Amino acid sequence: MKKISESAVRRLSLYLRLLQEADAAGAETISSGELADRGGTTSAQVRKDLSLFGSFGKRGLGYSVHELLSRIRSILGLQRPWRVALVGAGKLGSALFSYRDFETRGFDIRAVFDRDPNKVGSELGGLTIMADEAMEATVRGLEIDMAILAVPADAAQQVVDRLVKAGVRGILNFAPARLKVPRGVALKNVDVTLELEGLAFAVSNR
């Protein structure tokens with residue numbers, strides 16, 4: 001498969017949300033210009049992004065909302081639900097778990113782990129927080145696809161290594177640490193501090 005930039009994939013996710021809104025409003029077709037206006041980009045960029053994955057729509061008629069929704073969901077791998085584990089049930093982990101949009105987007109958190117004995121056995125959104133020691137067996141048993149990491153930086157790499165050995169193929173990391181994964185495993189890092197620094201730069205240079 002040809003390499004697609006991360007920014008293009010992010011825009012596809014944005015188009016998906018815009019199409020879902022249009023579908024909910026009863027729209028049957030939508031133009032690249034409408035997608036661009038709603039998404040803060042240009043119609044040329046919309047057409048370029050979509051052309052990376054084939055031919056969409058008809059000139060002068062726009063795109064079928066239903067068809068484009070289906071195609072983008074397939075491109076993003078959202079035609080199936082994803083089984084997710086959350087590692088770390090502290091303040092950040094609990095806040096992430098409470099974000100219910102995960103489930104509506106097809107990401108089903110099936111298990112939560114923590115190494116704090118005071119948290120193990122307690123309930124989080126209907127799930128019982130499990131001990132760190134149970135992680136590998138549970139991940140294998142539930143056939144977990146992805147994991148969300150909300151653990152301290154000094155523990156992150158060890159946790160990642162264990163998750164990978166247990167069969168996890170995608171990791172969303174919130175720990176402020178540089179992590180390594182083997183080929184075939186996808187790793188996405190979310191560094192809130194870097195995002196804030198980028199925001200500070202944007203505000204300072206307006």
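Predicted model: local features only at pLDDT ≥ 70, side-chain atom pairs only at ≥ 80, totals over all residues.
Residues are numbered from 1 along each chain as its sequence is written, and side-chain values use heavy atoms, with hydrogens and water left out.

Arg71 forms a salt bridge with Glu67, the closest N and O atoms being 3.9 Å apart; a salt bridge is counted when a side-chain nitrogen of Lys or Arg lies within 4 Å of a carboxyl oxygen of Asp or Glu. Both Arg71 and Glu67 belong to helix H4 (residues 65-75), where they are 4 residues apart, about one turn of the helix; helices (H or I, at least four residues) and strands (E, at least two) are DSSP runs numbered from the N terminus. Glu67 is likewise assigned as partly exposed, its relative accessible area being 44%.

By the salt-bridge rule the count comes to 10. One of these joins Asp49 to Arg11, with the closest N and O atoms 2.7 Å apart, and this pair links distant parts of the chain, since Asp49 lies in helix H3 and Arg11 in helix H1 (residues 6-24), 38 residues apart. Asp49, located in H3 (residues 43-51), counts as buried at 2% relative accessibility, whereas Arg11, at 22%, counts as partly exposed. When residues up to four places away in sequence are not counted, Asp49 touches Ala8, Arg11 and Tyr15, a contact being defined by heavy atoms within 4.5 Å.

A salt bridge is also found between the side chains of Glu136 and Arg162, at 2.6 Å from N to O; this pair again links distant parts of the chain, with Glu136 in helix H7 (residues 135-141) and Arg162 in helix H8 (residues 153-165), 26 residues apart. Arg162 is buried, with a relative accessible area of 17%. Elsewhere, salt bridges that share partners join Glu6, Arg10 and Lys188 into one network.

In H8, the buried residues are Ala155, Ala156, Val159, Val160, Arg162, Leu163 and Val164, and they pack against strand S3 (82-87), H7, strand S8 (146-149) and strand S9 (170-173). The helix is followed by Gly167, whose phi is positive, near 110 degrees.

With regard to aromatic side chains, rings of Phe, Tyr and Trp (its six-membered ring) are paired if their centres lie within 6.5 Å, and planes under 30 degrees apart count as stacked, over 60 as edge-to-face and the rest as tilted. By this rule the count comes to 1 aromatic pair. The rings of Tyr99 and Phe102 have centres 5.0 Å apart and planes at 85 degrees, so the pair is edge-to-face; Tyr99 is partly exposed, at a relative accessible area of 44%. The charged end of Arg80 sits over the ring of Trp82, 3.9 Å from its centre, the criterion being that NZ of Lys or CZ of Arg is within 6 Å of the ring centre and within 35 degrees of the ring normal.

Leu199 is found in helix H9 (residues 192-204).

Terms used. Buried < 20%, exposed > 50% of the residue type's maximum accessible area, 1.4 Å probe, protein only.
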